[in-house]
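Reader: Could you take me through the charged side-chain pairs in this model, and then show me how the surroundings are packed? I would enjoy a close look at one pair to begin with.

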Amino acid sequence: MSFLRRKTAGEAVFDAVNNVMMLIICFVTLYPIWYVLVHSFNDGADAMQGGIFWVPRVFSLDNYRAVFASSGIMTAMGVTVAKTLVGTVVHVFFTAMVAYAYSRRELIGRKFYMIVGTITLFFGGGLIPTYLLIRDLGLLDSFWVYIIPAMFSFFDLIIFVSFFRELPDALEEAAKMDGANDFKIFYSIVLPCSMPVVATIALFHGVYQWNDYFTGMIYVNDTNLQPIQTFLYRVVAQSSSNQMMAAAPGVTAQTVTSQSIKLATMVVTTLPIVLAYPFLQKYFVKGLMIGSIKG
């Protein structure tokens with residue numbers, strides 16, 4: 001008996017339509033990225049004439065020379081890298097530690113804490129109370145304003161708790177028989193066994209830290225502490241191409257425009273996180289499957 005059968009005409013048509021729809025969705029999703037990349041490598045003055053869709057018409061690196069000639073971009077990039085690495089490590093460790101306590105059934109008041117935490121997902125204090133709190137904590141114009149307020153996320157805690165509850169109780173029981181305390185169990189057993197969810201939350205928070213421009217815009221006035229995304233926001237908002245062109249040797253107003261600099265800056269700020277994603281994708285997929293299978 002064969003388990004293979006020919007597809008009916010209706011199924012073949014459905015598969016063909018489905019494939020076409022997937023191609024359309026991929027094109028609609030990827031083409032804007034390709035459009036920005038192509039225009040960032042094209043001569044700015046030539047790009048203003050339009051008609052560039054697939055490849056640069058007049059290839060030029062002047063846009064990137066102008067971007068990297070800016071005195072603040074490398075400092076801003078360093079701040080972004082530092083806050084992304086430090087913020088992600090602190091956030092993952094602190095949120096996982098709190099989630100481990102939440103996952104223990106013997107925790108007194110666990111249901112009450114869960115209700116209170118869930119409320120915070122829907123209601124917040126607002127911008128002005130948050131600004132006053134940050135000011136009173138002495139975090140204004142400080143690198144730690146990127147780290148401390150983002151140390152904990154109740155949404156991420158729920159994901160951690162769902163994973164921790166699926167770990168075998170026998171692991172902890174064996175560790176306690178060997179004399180390990182709760183922190184030792186968490187650090188030596190729970191975290192190493194939870195790499196899929198750790199990588200997932202690290203990816204979530206790392207992308208947030210990398211893309212966050214609002215914190216630097218509201219709470220940081222020192223330009224030496226502002227991240228690359230805030231730098232990009234200033235470029236887009238002010239269109240300060242003349243200042244950047246003046247600082248870039250060999251770049252003239254005939255080859256660079258404010259629009260071309262914006263696009264080049266977008267590529268520079270987006271590329272690192274795009275390159276890092278494929279290395280974490282397998283953990284990301286595993287993390288999304290947390291809690292989907294019961295048995």
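Author: Let's start with R57, which forms a salt bridge with D46; their closest N and O atoms are 3.0 Å apart. R57 sits in the loop between α2 (44–47) and α3 (62–69), while D46 belongs to helix α2, so the pair ties together parts that are eleven residues apart in sequence. Please keep in mind that this is a predicted model. As a general point, side chains of opposite charge can pair when their charged atoms come close.

How many salt bridges does a search of the whole structure find? There are four of them. Another one joins the side chains of E172 and R104, at 2.8 Å from N to O. This pair links distant parts of the chain, with E172 in helix α8 (residues 169–177) and R104 in the loop between α4 and α5, 68 residues apart. E172 and R104 are both buried. The side chains of D136 and R135 also meet in a salt bridge, here at 3.4 Å from N to O. D136 is exposed, because its relative accessible area is 58%, and R135, at 43% relative accessibility, counts as partly exposed.

Now for the nonpolar packing. The largest nonpolar core has 21 residues, of which F160, F164, V190 and V197 touch the most other members. Helix α7 provides the largest share, seven residues. A second, separate core holds 17 residues, including M77, W210, I261 and V267.

For F160, leaving aside neighbours within four places in sequence, the contacts are V92, T95, A96, A99, V197, V198 and I201.

On the surface, there is a nonpolar patch formed by V13, V17, V20, M21, I24, F27, V28, W34, F53, W54 and V55, with about 1,100 Å² of accessible area together. One of its members, V17, lies in helix α1 (residues 9–40). V17 counts as partly exposed, because its relative accessibility is 47%.

An unreviewed UniProt entry lists residues 12–34, 73–100, 112–131, 143–164, 185–208 and 261–280 under "transmembrane region". In the model, residues 112–131 are 70% helix and 0% strand, with end C-alpha atoms 28 Å apart. Residues 143–164 are 50% helix and 0% strand, and the end C-alpha atoms of that span lie 32 Å apart.

Technical notes. Residues are numbered from 1 along each chain as its sequence is written. This is a predicted model: local features need pLDDT of at least 70, side-chain atom pairs count only at pLDDT 80 or more; totals for chains, interfaces and linings use all residues. Side-chain values use heavy atoms; hydrogens and water are left out. UniProt positions are given in the numbering used here, feature names are shortened, and annotations may be inferred rather than shown by experiment. Helices (H or I, at least four residues) and strands (E, at least two) are DSSP runs, numbered from the N terminus. Patches are made of residues with over 30% relative accessible area and no salt bridge: like charges are joined within 9 Å, nonpolar side chains (Val, Leu, Ile, Met, Phe, Trp, Tyr) within 5 Å. Accessible areas come from the Shrake-Rupley method with a 1.4 Å probe; for residues, only the protein chains shown count as cover. A salt bridge is a side-chain nitrogen of Lys or Arg within 4 Å of a carboxyl oxygen of Asp or Glu. Buried means under 20% relative accessible area, exposed over 50%, partly exposed in between (1.4 Å probe, protein chains only). A nonpolar core is a set of buried Ala, Val, Leu, Ile, Met, Phe, Trp, Tyr and Cys residues joined through side-chain atoms within 4.5 Å. Contact means heavy atoms within 4.5 Å.
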